Amino acid sequence: MKIDILLGLQWGDEGKGKIVDALSPDYDVVARFQGGPNAGHSLEFNNIKHVLHLIPSGIFHPGKLNIIGNGVVLDPAVFKQEIEELGIPLGELTGRLVISSKANLILPTHRTLDAAYEKKKGSLKIGSTLKGIGPAYTDKTSRNGLRAGDILLDDFRAMYNGLTASHVVLLKDLGFDFDISEYEKLWFEGIELLKKFRIENTEYLINELFSAGRKVLAEGAQGTMLDLDFGSYPFVTSSNTISAGACTGLGVSPRTIGEIFGIFKAYCTRVGSGPFPTELREETGEFLRKKGAEFGATTGRPRRCGWLDLPALRYAIMINGTTRLFMMKADILSGFSTIKVCTSYRVGGETVSQVPFDNNAVIEPVYTELPGWAEDITGIRKYNDLPVNLKNYVEFIERKTGVPITIVSVGPDRNSTIFR
Ligand code: GDP
Ligand code: IMO
Ligand code: MG
């Protein structure tokens, strides 16, 4: 028995929430290992769409244990709102969800700092979700952060006041006006709600469950191209979104890892700033955005859209050691007479297959054109029933990446999923 990982291979929003929910019946435990409320994981069943930010996407399955791992940064105010919107009685939830005592907390002033730093960057802004992610991880690595386990200590309020005061000094320095009083109230209500849950050293729990033969699925947030080390730095998030992040974010050995499921859209999207070689700035991009409802699940911002980028996908597959690919939103490509796939880049007059280091490099995608399909595929549930040109597209990507595509997703509902 091994721990499987599911993570995004592109710039986030690949459909992780949907697939984790769809796969949850096969697992005993679903554990988030990094990121925080910057994530927006959508899943749909019984015609109702749910968007999760901090809570693992296995939460709607009774009998499954969900863990918020130590690698996650947790905002108690967001946590409270999310718990209240789930529509699951609190008594049930406290039995289904456990929080790592070592998960760092996002303070109200972390959010303010996020906004202040973005404002200061001006035109070079990252396009952060402004949820306080960067400042919270900064305090974690500079060893100033507060952790979920701290809320149970007698001097927690003093610790909070101390860290907040240091942020206020920074904010004054930045000349940034703010008022956190309202958010702070919600935040402390969130702290009281958190105390009703099990807060413990989940690295013991997860290793014990694993040793007892329980099946664990580690759920990533964001995507490989937003990874702190391997994404288009500085236009990235502040955590390791890659498979290695599951080990540090949950406290499990690399030797326990089994399958590494890499999830990608049949095309590409990105929200926020940074390079996006295959971006379509004209009506094709607008068409994908409209048809694919490509608006951020956390911020509502329009997502930038473009064709599939194979050099970036191959890079992500390599970094993660991806064993299987899941292709999402194939239904959105129905109706194109021709589909383009970027197979290499032209940079400075040369053809390259590596993702360039320089964010300012002028990258011209080299496209292969494949015939599209006209059929609406949303009702199809068997791979063999898919249009032949879609199967050709799937098999083309398999050949170019060397990794099998074992799920093709044809709609947002948990049942709109084709297993091969
Ligand atoms: P995540 O962050 O990776 O969980 O992805 P998001 O939830 O942010 O964005 C994916 C969006 O696509 C959501 O609105 C999903 O409901 C939707 N979605 C997921 N899979 C499919 C699919 O196969 N087809 C269509 N049409 N929508 C999908
Ligand atoms: P899920 O888990 C898409 C992007 C932001 C910004 C950059 C840094 O839903 O796939 P941050 O708030 O982390 O400081 O933002 O990363 N970003 C995401 N884009 N999906 C996400 O999460 C994202 N989380 C952060 O838009 O460009
Ligand atoms: Mg999302």
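Predicted model: local features only at pLDDT ≥ 70, side-chain atom pairs only at ≥ 80, totals over all residues.
How far is an oxygen atom of ligand 1 from a polar backbone atom of Lys-16? The distance is 2.7 Å.

## Ligand 1: contacts and cover

A polar backbone atom of Gly-15 lies 2.8 Å from an oxygen atom of ligand 1. Asp-13 uses its side chain instead: an N or O atom there is 2.9 Å from an oxygen atom of the ligand. The protein buries 94% of the 580 Å² that ligand 1 exposes when taken alone.

## Ligand 1: the shell

Around ligand 1 there are 20 residues. Lys-16, Ser-42, Lys-49, Asp-331 and Ser-409 come nearest. By type, the shell holds 5 nonpolar, 7 polar and 8 charged residues.

Which element supplies the largest share of this shell? It is α1, with 3 residues. Both α1 and β3 supply at least two residues each.

## Ligand 2: contacts and cover

Ligand 2 has polar contacts of its own. A polar side-chain atom of Thr-129 sits 2.5 Å from an oxygen atom of ligand 2. For Ser-128, also through a polar side-chain atom, the distance to an oxygen atom of the ligand is 3.2 Å. Gly-40 takes part through its backbone: a polar atom there is 2.9 Å from an oxygen atom of ligand 2. On its own, ligand 2 has 550 Å² of accessible area, and the protein covers 97% of it.

## Ligand 2: the shell

The shell of ligand 2 has 20 residues. Those that come nearest are Asp-13, Lys-16, His-41, Thr-129 and Thr-237. The shell divides into 7 nonpolar, 10 polar and 3 charged residues.

## The magnesium ion

Ligand 3 is a magnesium ion. Which protein donors does it have? They are Asp-13, through OD, and Gly-40, through O. These donors lie 2.1 to 2.2 Å from the ion. The pair links distant parts of the chain, 27 residues apart. Asp-13 belongs to the loop between β1 (3-8) and α1 (16-23). Gly-40 belongs to the loop between β2 (29-32) and β3 (41-45).

Gly-40 has a relative accessible area of 10%, so it counts as buried.

Terms used
Residues numbered from 1 in each chain as written. Chains lettered and ligands numbered in written order. Heavy atoms only, no water. Near = heavy atom within 4 Å. Polar contact = N/O pair within 3.5 Å; in protein donor to acceptor, adjacent residues only side chain to side chain. Areas by Shrake-Rupley, 256 points an atom, 1.4 Å probe, with all protein chains shown as cover. Nonpolar A, V, L, I, M, F, W, Y, C, P; charged D, E, K, R; others polar. Donors = N, O, S within 2.8 Å, 3.2 Å for Na, K, Ca; no water. Helix = DSSP H or I, 4+ residues; strand = E, 2+ residues; numbered from the N terminus. Buried < 20%, exposed > 50% of the residue type's maximum accessible area, 1.4 Å probe, protein only.
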